[in-house]
Each structure stands twice: as structure tokens, then as C-alpha cells.
Amino acid sequence: MAQHDDNVVWHPHPVTREQREQRHGHRGVVLWFTGLSGSGKSTVAGALEEALHELGVSTYLLDGDNVRHGLCRDLGFSDTDRKENIRRVGEVAKLMVDAGLVVLTAFISPHRAERQMARDLIGDGRFYEVHVDTPLAICEARDPKGLYKKARAGELRNFTGIDSAYESPEAPEIHLKGEQLVTNLVNQLLDLLRRDDIIRS
């Protein structure tokens, strides 16, 4: 890991986060979706983004698979690489929050320490941990990418829930039961955002 260069100095912007939020009409926050593969993270995050877009909320969705096509294409799935993957995503999300966006991230992010690292980067009050809690049996039955089948056959190593651990959130901002209808889950999330005065519509 490269060390911080003392010659690199943070440059303050003349336009503040508060001014950007005022322009958007809502606060900038991160909703960090975590759960097993097949739990419904990406589906729920995508449906929530659609609902927020219809309400005029400025959003961006960072998806686990998508960032590995570019930003994190050089990383594998070892614990070290997974930690770096989450660090990079956390840094990008932090910048997007500074831009005043409602950022949705859909990552397995199996370890509590890495999710805490992202929370520390972004800051309490701006970070919402969303646990999409779906039983392993249901995730495996869904198996949308055929990954569980490969993991069970020994063709895929370090797969979360099979031969790599998933550490469930201990105190997420919201706990979603992933076997519910997506519309129900989206409504629960919208209620949370309205309750905390993140969105007003």
C-alpha cells in the first residue's frame, strides 16, 4: 500500500457540501446494502434508486460487480483484496456524499471491520447500514449467477456463505427480511429516509 505523501495537500472547494445539498433539495448520505450473494441487495438497491429518481432525488448506485469491471478490476477475492475493494468504494462514496448525492452501494462486504471502516470514512449520520437478511437456503435456491453451484462443486473458492464467513451486522440502521416483496422493502427504506429528514418528498 502506498504511503501518504506529505506534499499532497487537500484542496478546499469554494462550493460547500451544504450548498450542493441545498441545490439538490436533500442531504447526501450512503445506504450501504450488505448481505449474502443472492440476498437481493442489488435488486432492492436498484428498485430504491428508481423510486428516489421518480421523487426527484439525485442518486448513484455503486454495484459490486460493476466496480470490479473498472475501479477494482485489479483485485481478487482474498481477504486483503476484499478489504481494499471496500476501502476504494468507501472513498468514492465519500466523494459522492460530498457532492450531495444519495449513494446506494450493493456489496456483500462480509466483514464487520470493513463495513466499520466505510462508516468511519463517511461519518455517522451519513452512513446507513442496510442488512438484506435472506436465509442461505433461499439465496442458494435463487443462485442468480450460478455461483453457489460452482462453490458447492469446488470450482469457486473463498465464496461467502460456503467456505468464507459472513459476519452479520450487529446494529444496522435498518434490517430487511430479504424474502419479502421488493416493493415492501423499498417502502421501508423510503420511510427511514423520510423519518430522518434525508428526503422530504
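H131 lies in strand β4, which spans residues 127-133; strands (E, at least two residues) and helices (H or I, at least four) are DSSP runs numbered from the N terminus. The model is a predicted one, in which local features need pLDDT of at least 70 and side-chain atom pairs count only at pLDDT 80 or more, while totals for chains, interfaces and linings use all residues. Residues are numbered from 1 along each chain as its sequence is written, and side-chain values use heavy atoms, with hydrogens and water left out.

H131 counts as buried because its relative accessibility is 3% (buried, under 20% relative accessible area; exposed, over 50%; partly exposed in between; 1.4 Å probe, protein chains only). Apart from neighbours within four places in sequence, H131 is in contact (heavy atoms within 4.5 Å) with T34, Y166, S168, P169, P172, I174, H175 and L176.

An unreviewed UniProt entry lists G35, L36, S37, G38, S39, G40, K41 and S42 under "binding site"; such annotations may be inferred rather than shown by experiment. From this set, S37, G38, S39, G40, K41 and S42 belong to the lining of the largest pocket. A pocket is an open set of points on a 1 Å grid over the protein atoms alone, where a 1.4 Å probe fits, with protein on both sides within 12 Å along at least five of seven lines; lining residues have an atom within 4 Å of a point.

S37 lies in the loop between β1 (29-34) and α2 (41-54), and G38 is placed in the loop between β1 and α2. S37 is buried at 10% relative accessibility, and G38 is buried at 17%. Leaving aside neighbours within four places in sequence, S37 contacts I108, C139, L147, Y148 and F159, whereas G38 contacts C139, R142 and P144.
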